[in-house]
Amino acid sequence: MKLNIGRSVLLLSVLLGQVIASIPGQAQVTMPSAQQVEQFQKDGAQRYLAIYEQMLESARQRGSQAEVMGILTQAALSFQTLGNHRRALELAQQALDIARAQKNQQAEAGILAVMSISATALGLDDGTGTGFARQQLQQVQSQSDRLSQVPVLLQLMDQYRNTYDVLKAIETATTLTSLAQDLNNPALEMKALEIEAWAYSRMGNYPQAIQTLKQQLALFKKTGIVPGLPAPVPSSIPGFDRAAKFADQAARHRYLRQILSGIAEATYLQQGTPQPAITLYEQQYTMLDNDAARAYTLNDLAYLYAAAGDAQKPAQLLEQALKVLQSTQDEYLSNLVKSYGVANLVLQELSRAYALKGDYTRAIEVQRQVLQSYPPNQSLWLGNRFAGLANLGILLLRTQQFSAAKTTFTEAIETFKQYSAERVAPGQTACLFGGFNQDTCKLSQAQQLDDLYRNLQLVLVELNQPEQALEVAETSRAVAIVELLNQKLQGTSQVLPVQALNLAQIQQVARTQKATLVQYSVFYREGRSAGLNSLASMHLGTTTPQATDLLIWVIQPTGQIAFRRVNLSTLKTPLSQLVQVTRDSIGVRGRGFTYQEDVALASSIGTQAATNQQLRQLHQVLIQPIAELLPDNPEAPVIFIPQDELFLVPFAALQDTRNKYLIEQHTILMAPSIQVLDLLQQPKRSGSEATDVLVVGNPTMPRLQLELGKPAQQLAALPGSEQEAQTIAKLLKTQALIGPQATEAEVKRRMPTARIIHLATHGLLDSFTEFRGATDYLSNFYQGALALAPTGQEDGLLRMSELQTLQLKAELVVLSACDTGRGNLTSDGVFGLSRSFLAAGATHLIVSLWKVPDGPTFELMTEFYQSWQRHPSKAQALRQAMLTTMKSYPDPKAWAAFTLIGPAN
């Protein structure tokens with residue numbers, strides 16, 4: 001469940017952050033905008049950097065090391081403000097060396113704080129950005145002033161939340177809670193409890209989350225304190241004090257709602273029904289004496305009733321909220337309603353509610369009324385205008401007004417681009433869209449447009465413009481990774497946007513690849529992202545959107561384009577469920593288990609005949625509509641560009657009506673987008689040649705803490721992987737790194753000069769099958785990592801963020817581990833290890849779609865390298881390895897897990 005406070009009725013957190021109040025007939029008291037503050041900071045940084053080198057030289061001539069340290073630190077901060085985090089780290093390191101030489105612990109702690117921020121932005125440090133902060137904490141803990149620990153603990157707590165390290169977040173929050181109680185600081189204690197409750201909820205420990213939230217609620221009711229809320233500054237301006245009081249009251253009601261929504265969310269997730277949350281909010285409503293809070297609460301109730309499946313009640317509640325705002329006797333709230341269109345935000349939600357109960361005529365009428373009332377060309381309203389246009393476009397699509405929907409969706413997309421351009425400057429660490437570094441910010445930004453691009457594709461198809469729909473489909477794919485790849489090609493850390501491919505360029509890529517490209521788009525009536533399309537999509541995160549249409553484009557090596565549309569609403573089993581059921585029936589556990597054990601597990605889940613039936617059904621949906629468009633020559637490459645769960649489909653194992661597997665008929669590759677194929681095909685930057693061969697097998701395994709308060713457990717050894725690595729190394733005429741030799745530091749050192757990288761180890765999530773009771777959430781945190789041998793400086797987890805900082809020139813990376821092709825499904829494709837290796841510069845990847853067993857994997861990998869040595873095509877070599885392995889191990893679970901990502905050449 002997610003009670004979306006950011007899209008709630010009033011959005012007072014935004015409005016009151018910019019305007020304390022607008023007092024009729026009197027002077028307006030306006031606070032500087034976030035953009036103005038940011039620009040002021042950047043101007044100051046640029047002025048300092050213009051003179052710092054001269055100051056530095058002067059200080060060095062005077063021999064004042066303390067002064068040099070201070071100048072270097074300030075310069076690092078200035079570069080950080082301007083987004084140049086690499087330069088900031090370089091200067092901060094110089095300052096840190098001086099601080100340590102002088103044994104100045106206080107200065108060392110401050111410099112480490114600067115380094116932590118830049119390391120997080122770049123994805124450096126230990127991959128989570130917390131390494132410098134932990135060093136800083138050790139420094140301040142050695143000092144007598146306990147107050148100096150507070151900002152470091154707060155920073156660590158936020159970074160653990162950003163990187164989803166829930167166990168460390170809880171440990172840090174618990175430490176901060178104890179410190180806050182000793183310091184008699186309830187605001188600090190409430191902040192720690194907030195993070196602690198979030199972490200428990202993410203772990204699925206809802207009773208503990210509820211208990212922690214109730215502690216937070218009790219402190220709030222006792223003290224009335226809102227963490228982070230400054231005391232109003234007295235002013236002689238008439239009306240200021242009353243305006244500040246209103247802002248203060250609004251903030252307190254928002255904070256109360258935040259706690260209550262947390263309790264409601266955890267209660268719902270624990271009990272599986274929204275009714276307890278509805279009861280909680282209805283009880284709260286009777287105790288409210290503030291119109292703004294009443295409107296907020298009615299809005300939340302509307303979403304809860306929608307979640308409960310009530311199509312009528314949400315509109316009634318939102319109509320009531322609108323009356324509360326329009327009839328309020330509070331002059332400041334009334335002024336906000338009149339001057340800033342707050343009521344329009346209620347109307348926008350009301351439009352969704354009318355659509356929920358099927359009254360599309362009224363829904364469109366209300367939404368157009370809202371859009372007409374927004375002041376033109378005012379950046380304050382761009383975000384609201386985007387949401388309104390998106391909602392109107394969906395309503396027009398639902399009512400089959402396709403031409404109008406096309407215009408509206410196009411305008412919505414352009415509005416969002418303007419909105420984001422004004423709020424997210426290149427290089428800055430803060431992200432409006434929820435990311436915690438440059439890459440995740442860009443990805444989060446792209447996710448906001450994902451549903452709109454899909455809707456626009458369907459509209460264009462309805463208008464008989466499938467080729468234009470293909471351009472839109474490609475525009476929305478892999479936006480963030482395309483920028484990362486472009487940075488690698490240009491050898492820079494700066495953001496280098498790339499224009500999306502047009503139709504002619506898409507056709508040229510197919511010609512260059514000499515391959516058949518197959519691109520899929522999946523459309524969902526209710527949208528993939530909860531909350532965009534209608535109140536009905538706010539099913540508290542428990543209802544998986546059902547795909548209704550599959551759009552397929554086939555681009556021949558000649559450039560000729562064909563289009564097919566598949567109606568998915570007639571499927572007895574929804575597409576996403578069909579993919580999951582097929583994978584579950586395969587039932588492979590992981591490295592370290594025998595093939596026979598895996599077969600036994602699969603038998604307990606379902607029969608081989610059932611698995612084959614599901615593979616045939618997927619073939620009927622994904623392949624049969626385009627079968628006549630695929631090449632007759634089985635060695636001709638076919639590159640599939642999937643979307644969503646289709647990235648998890650074992651295309652090689654799909655069966656036709658003659659029981660022939662797809663790999664028997666075609667040579668298969670995968671790619672996240674056509675543009676990624678184009679960039680991967682481009683030559684690497686000049687420099688040292690990649691000549692090394694790096695083979696790793698069965699490292700000394702790291703230890704993972706999977707339960708709060710319990711010691712870390714070591715991952716199981718993989719003797720089968722060691723045998724595989726030794727054999728592969730012999731074929732490639734090199735020495736494998738085995739056991740304690742395969743340290744994280746050594747592997748990272750050798751990767752940039754390696755032409756071939758073969759890693760046979762745990763790919764997390766697969767280790768979690770060995771720890772019964774480990775939560776899904778913990779596996780999500782660790783899944784973007786490869787297990788290597790730890791050392792004193794490295795924890796043995798090679799994470800995604802660390803991989804992306806490397807400059808690889810490898811023509812092939814083989815991740816002979818489990819689930820290395822999996823991750824979170826985003827508009828960029830799979831946000832996991834495969835994406836990170838591509839972003840780091842690898843040309844081709846072989847990854848696994850499930851937990852692979854040792855015996856068949858050893859045979860398949862050995863056959864792959866032997867076949868590759870005989871002819872140059874990696875795709876054909878992998879195909880041959882699969883065909884050979886299936887003779888010894890007929891079940892697809894044994895040979896179909898691995899897939900090749902990259903260009904055909």
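## A strand and its partners

Strand β8 (residues 692-699) pairs with β12 in the parallel sense, over 6 bridges. Two strands count as paired if DSSP finds at least two bridges between them, and strands (E, at least two residues) and helices (H or I, at least four) are DSSP runs numbered from the N terminus. The model is predicted: local features need pLDDT of at least 70, side-chain atom pairs count only at pLDDT 80 or more, and totals for chains, interfaces and linings use all residues. Residues are numbered from 1 along each chain as its sequence is written, and side-chain values use heavy atoms, with hydrogens and water left out.

β12 also pairs in the parallel sense with strand β16 (residues 812-815), over 4 bridges.

| Residue in β12 | Residue opposite |
|---|---|
| Leu-759 | Val-696 |

A cavity is a set of points on a 1 Å grid over the protein atoms alone where a 1.4 Å probe fits but cannot get out; lining residues have an atom within 4 Å of a point. The second largest cavity contains about 110 Å³ of space. Its lining has 17 residues, and Ala-652, Ile-668, Met-882, Phe-898 and Thr-899 lie nearest its centre. Two or more lining residues come from each of β7 (667-670), α35 (874-888) and β20 (898-901). α35 gives the most to this lining of the second largest cavity, with 4 residues.

Key
1 Å grid on protein atoms, 1.4 Å probe; cavity = no way out; pocket = protein on both sides within 12 Å on 5 of 7 lines; lining within 4 Å. Points joined across faces, edges and corners; volume = space filled by probe spheres on them.
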